[in-house]
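Okay, everyone, thanks for coming. Let me put the model up, and then I'll walk you through some side-chain pairs and a couple of helices.

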Amino acid sequence: GRVTGSEVESFQYKRPPSDFPSEGMRMGPWMDIAGVAIPVAQAIGRIANYINQELYGGPTTLPWGIKIPRDARVDPFDNMIDYPVDTLFHPIWAYEAIWSLIAFYVLWRIYDKYRDRLLVGDIFLIYIAQYSFVRFLLEFLRVEIAVIGGLGINSSQAITGLAFVVSVAILLYRHRPGNFEAAKAAEEQAEAEEMKQLKPQAVTE
């Protein structure tokens, strides 16, 4: 059968009953939660890098260096004469995994104990800043790097360097003298309004 124009016009989408406000919830608090949780996922991901024999650095004499099979090496480290089978390489995946776990603990403590001294979104910015800083440094040890065109600039360092500068600049701007108190008051008011809308309404017959 056919659907008439009047039937189309009379159709209206009705949102299922929900305790969530119709205009949605603020993104900032959820970004802060993500900033705490993401390092755990990154630490798990680094274990996958080890399984795949990737994310390693140049040769090292440090006792925690790891052996990399020839088929997983890149030029020139696949030369078994210059770099024999017992050559040890920096386990960058381990460095990043350990740092990610440390970052998780520190960010969780900040979120749990000092959240009231910060603005919504600050913890996510701190996450970006700390990850960008460490990733920038670890790139100096990596043997597999991607460069920008013919410039020879490490693309990962360019991105993380920019991310670090931007995130720190935003943090400093948000906490500039005279702004924090007003911004905090506005956030508390927005949170109170959100909680008021989230409060379940009594169902009347």
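So, salt bridges: searching the whole structure turns up 4, where a salt bridge is a side-chain nitrogen of Lys or Arg within 4 Å of a carboxyl oxygen of Asp or Glu. Bear in mind this is a predicted model, where local features need pLDDT of at least 70, side-chain atom pairs count only at pLDDT 80 or more, and totals for chains, interfaces and linings use all residues. Residues are numbered from 1 along each chain as its sequence is written, and side-chain values use heavy atoms, with hydrogens and water left out.

One of them is R174 with D122, closest N and O atoms 2.7 Å apart. D122 counts as buried because its relative accessibility is 0%; buried means under 20% relative accessible area, exposed over 50%, partly exposed in between (1.4 Å probe, protein chains only).

Then there's a network linking R135, E139 and R142. E139 meets R135 at 2.9 Å, N to O, and R142 at 3.3 Å. Which of these are buried? E139 is, at 4%, and R135 is too, at 19%, while R142 at 21% counts as partly exposed.

Back to α4: 12 of its 17 residues are buried, and they pack against α2, α3 and α5.

Last one, α2, residues 27–51. There's a kink of about 30 degrees at V36, shortly before P39; that's the angle between axes fitted to the seven residues ending there and the seven starting there.

How values were computed. Helix = DSSP H or I, 4+ residues; strand = E, 2+ residues; numbered from the N terminus. Expected span 1.5 Å × (residues − 1). Contact = heavy atoms within 4.5 Å.
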